[in-house]
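Colleague: Thanks for sitting down with me. Could you walk me through how the descriptions of this structure follow from the computed values?

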Amino acid sequence: MTAEEDGRELKAGERTRDRVLLRGARVVLPDGVADDATILVEGGLIARVATDDELSSEARDAREFDLRGATLYPGFVDVHIHGAVGVDALAASAEDLRRVARFLASRGVTSWLPTLVPAPDEDYRRAVGAIATLMREQDEEATTVSDRERPPSARALGVHYEGPFVNTAQCGALRTRYFRTFADASSLEGVAAIDDPRAVHLMTVAPEIEGGVALVGELCGRGWIVSVGHTRADAQTLDAARGAGARHLTHFFNAMSPLHHRAPGVVGWGLLADDVTCDVIADGVHCHPLALRLALRCKGADRLALISDAVLPAGLGDGDYEVWGETITVEGGRTRNARGSIAGSVITSLDAARMMLALGARPHEVARMASLTPARLLGVEDSCGSIEEGKRADLVAIDDGGQVRLTLIAGRVAFDAAEK
Ligand SMILES: [Zn+2]
């Protein structure tokens with residue numbers, strides 16, 4: 001049923017998303033910053049990026065936002081996030097996921113990949129069903145619901161399976177009892193896929209496990225994106241995984257063999273592999289600031305993505321929380337489980353972006369790391385990931401204090417600090 005048949009076609013007055021004018025911001029473009037630029041959004045897309053004078057005559061009927069004093073970035077894309085605000089993607093309903101998506105929008109995240117830790121088939125199936133429902137609802141709402149009725153939330157793009165085909169010797173906070181090995185295609189039967197041709201499927205794999213390299217080939221053959229992680233693979237196996245189609249490394253430095261001069265490990269291989277991208281948890285806890293700078297220096301902003309790896313307590317503050325069957329304590333922005341290991345982060349992409357800025361990265365490099373590089377990894381860079389004419393108007397305005405002032409998703413107001 002179309003929106004019209006359903007009688008829910010929006011009236012002209014409700015189509016606030018049709019034309020939006022953003023004035024006065026410093027605009028972070030792919031290669032630098034334009035001061036005091038104006039952006040015209042039409043039909044959910046970035047129609048024009050120009051100086052103020054050029055646009056004032058042709059945008060009279062647009063809804064205007066004065067963004068003086070703010071910096072406008074492309075909306076952030078987080079490819080590794082388990083949950084937030086009390087919700088874990090593995091146990092979430094579509095409504096729970098929407099709460100996360102709303103929270104993310106308030107932090108400037110406009111696209112995300114709900115991420116699942118190793119679990120039984122049944123949990124996977126339920127979780128993927130909820131993600132599919134949210135994706136369908138978000139699609140429908142884009143044309144049938146007004147912003148005020150239901151503000152848009154960060155788009156779920158698909159699913160990221162972190163494991164279960166990973167190395168028990170690099171398990172991190174993952175539950176090893178659900179780890180698996182790969183024999184043939186039947187080994188993937190319990191790993192549910194989203195029945196939607198646009199859905200992104202990403203899996204973090206350790207290629208050195210039994211059948212690991214064959215698994216990389218099998219997944220790539222199905223159109224899945226493979227990232228190498230939770231791994232101690234040697235260089236030969238990493239080369240084989242790359243040959244089979246893996247082109248990314250999951251939370252670089254964490255849960256992988258480190259760089260030693262006599263055993264350069266996955267880290268040494270990754271720093272040198274120019275055709276491989278990496279992502280990092282830029283929270284200042286998982287990686288020392290010098291390690292983050294090293295990654296940026298070696299990989300460059302086009303090969304380094306920022307992720308949150310956030311878990312359920314993100315957005316809730318300090319305390320004890322039940323996550324994946326154990327108690328996780330959050331104290332001063334750090335998580336730890338009963339064994340004393342770090343168990344995910346409580347940051348968002350916004351915090352990661354601020355961290356990289358504080359470490360000296362330039363705004364356009366941060367925009368690439370937080371938006372364009374992850375968008376490219378997921379194959380959605382033609383529609384989002386940078387502020388360029390013709391792309392979807394997924395935008396976040398950040399004030400000088402580092403707080404989000406405005407988030408637009410496809411030109412619709414997802415968060416407006418002035419209304420809080
Ligand atoms: Zn994770």
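Modeller: Gladly, and keep in mind that this is a predicted model. Let us begin with aspartate 394, which has a relative accessible area of 4%.

Colleague: Why is aspartate 394 called buried?

Modeller: Buried means under 20% relative accessible area. Aspartate 394 has 4%, so the word applies. This residue sits in the loop between helix H9 (363–378) and strand E20 (395–399). Beyond four places in sequence, its contacts include Tyr73, Pro74, Thr110, Cys384 and Leu408.

Colleague: How do you know on which side of H4 its buried residues lie?

Modeller: In helix H4 (residues 212–221), the buried ones are Gly212, Leu215, Val216 and Leu219. They cover an arc of only 105° around the axis, so they are on the same side of H4. Among the elements covering them are strand E12 (200–205), strand E13 (225–228) and helix H5 (235–243).

Colleague: And the largest pocket: which element gives the most to its lining?

Modeller: H3 does, with four residues. The pocket has a volume of about 300 Å³. Of its 14 lining residues, the closest to the centre are Asp139, Arg155, Ala156, Leu157 and Arg198.

Colleague: What makes up that lining by class?

Modeller: Seven residues are nonpolar, two polar and five charged.

Technical notes:
Residues numbered from 1 in each chain as written. Predicted model: local features only at pLDDT ≥ 70, side-chain atom pairs only at ≥ 80, totals over all residues. Heavy atoms only, no water. 1 Å grid on protein atoms, 1.4 Å probe; cavity = no way out; pocket = protein on both sides within 12 Å on 5 of 7 lines; lining within 4 Å. Points joined across faces, edges and corners; volume = space filled by probe spheres on them. Helix = DSSP H or I, 4+ residues; strand = E, 2+ residues; numbered from the N terminus. Nonpolar A, V, L, I, M, F, W, Y, C, P; charged D, E, K, R; others polar. Buried < 20%, exposed > 50% of the residue type's maximum accessible area, 1.4 Å probe, protein only. Contact = heavy atoms within 4.5 Å. Arc of directions from axis to C-beta.
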